[in-house]
Amino acid sequence: AMAAERGVAMATCTAPVNIAVIKYWGKRDTDLILPINSSLSVTLHQDQLKTTTTAAASRDFTEDRLWLNGKEADVGHPRVQACLREVRRLARKRRGSGEDTAALSLSYKIHIASENNFPTAAGLASSAAGYACLVSALARLYGLEEELSEVARRGSGSACRSMFGGFVQWQRGERPDGTDSLAFQVAPEMHWPELRVLVLVVSGEKKPVGSTAGMQTSVETSPLLKHRAEVVVPERLAQMMRHIRDRDFEGFGQLAMRDSNQFHATCLDTFPPIFYLTDLSRQIIALAHRYNAHHGHTKVAYTFDAGPNAVIFALADTVAEFVEVVRRSFPPATNGDQFVRGLPVGSAALSQELMAAVVTEPVPGAVQYILHTKPGPGPQLVDDPSQHLLGADGLP
Ligand code: DP6
């Protein structure tokens, strides 16, 4: 279907964002993007957060071109080129074996258009979804059917985990060539139907130090990171797999919070130190702990990546109450009616006791909005041709 004698061959895919509960931080090979430790993440639902990418090829295209959110971008970016090269290499290998004779010419130039259904500037891990989607769309275009997390990894480490839905492990691997540094699904999204995710979007600002540069400085200077990779993560990974298997929120939540905190501790241990947590992050952390203490067990768990947004895990029956706690703690400045987005959230009345114990000093406007979502599936093929991001002429 993707092969065209004439005209433009096209394929469109969508891919999800993921949030790590055992964090990836540090590479042992910066070119191949091989990590110093395995990591584990939850894939978020594409109804709320997704990238859509169309890849097209034609004998009439004169150069490779790329558009991100409608604006032309540099297709020569080394990581984009690495993904393109690897997909083409796999396609060539397939042709060589004579499996696919009607296939698209590998000499054709390609056009790629990609967009997010969320603001890129909100710092919602768009590179993971972006590269997972790029690789998925290219693979479709060339008719590849193999496992492609190894290719997505070349775009961004965390992108390899967005190649699967549900609960996903990226195994660090041992080989220097990276052929065993792959992602695989630990459990599908239906495994834990009550699990919910709240993204507290706190800032549209760009992060101070990018992950790529930040983690390299950490590898070079932080003894804590070395200990974490060698000793702590292997134990935690095994524990986290058990908590997910058992749907044990207490264990899952506790360990997710501890691992987020240790990641940020390795940032402080980096020299010069890196700070991703802000005063607001610390207020959210304290709020979650007060809320859990009030209830006498772990009802919510936070995790923070290399940016100021907070991601909260909770079970469905906790969402309405905790959202109300966040609303009282960070009263919306103007967008009161758009404060909660995504999956519907019921209303909850907070008791006097809960208010007194949990909501201390409100900070108006500090949280822009809350996105309510849940675990979701991996990359999807978009069948409907009207959904392509490129026209019949191969332009956006
Ligand atoms: C803190 O995958 O963005 O989000 O491989 O250099 O592209 P590169 O880094 P990236 O790092 C993500 C780091 C993290 C933790 C995680 O997602 O595991």
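Thr298 sits in the loop that runs between helix H7 (279-295) and strand S13 (300-303); helices (H or I, at least four residues) and strands (E, at least two) are DSSP runs numbered from the N terminus. The model is predicted: local features need pLDDT of at least 70, side-chain atom pairs count only at pLDDT 80 or more, and totals for chains, interfaces and linings use all residues. Residues are numbered from 1 along each chain as its sequence is written, and side-chain values use heavy atoms, with hydrogens and water left out.

With a relative accessible area of 5%, Thr298 is buried (under 20% relative accessible area; exposed is over 50% and partly exposed in between, with a 1.4 Å probe and protein chains only). Not counting residues up to four places away in sequence, Thr298 touches Phe249, Glu250, Gly253, Gln254, Met257 and Asn292, where contact means heavy atoms within 4.5 Å. The side chain of Thr298 makes polar contacts with the side chains of Glu250, at 2.8 Å, and Gln254, at 2.9 Å. A polar contact is a pair of N or O atoms within 3.5 Å; within protein, one must be able to donate a hydrogen and the other to accept it, and residues adjacent in sequence count only if both atoms are side-chain atoms.

Asp64 is placed in the loop between strand S6 (50-58) and strand S7 (65-68). Its relative accessibility is 16%, so Asp64 counts as buried. The side chain of Asp64 reaches the backbone nitrogen of Ile110 at 2.8 Å. Besides Ile110, Asp64 touches Val75, Leu84, Arg88 and Lys109, residues up to four places away in sequence not being counted.

The ligand has 17 residues around it, of which Tyr24, Lys27, Arg79, Ser156 and Ser158 come nearest; a residue is near if one of its heavy atoms lies within 4 Å. The table gives distances from polar side-chain atoms to an oxygen atom of the ligand.

| Residue | Distance to a ligand oxygen atom |
|---|---|
| Ser158 | 2.7 Å |
| Thr212 | 2.8 Å |
| Asp305 | 3.4 Å |

On its own the ligand has 460 Å² of accessible area, and the protein covers 93% of this (Shrake-Rupley method, 1.4 Å probe). Helix H4 (residues 211-221) supplies the largest share of the shell, three residues. By type, the shell divides into seven nonpolar, five polar and five charged residues. Domain 1 (9-189 + 381-387) and domain 2 (195-373) both give residues to this shell, so the ligand lies between them; the domain bounds come from an automatic or database domain assignment.

Key:
Nonpolar A, V, L, I, M, F, W, Y, C, P; charged D, E, K, R; others polar.
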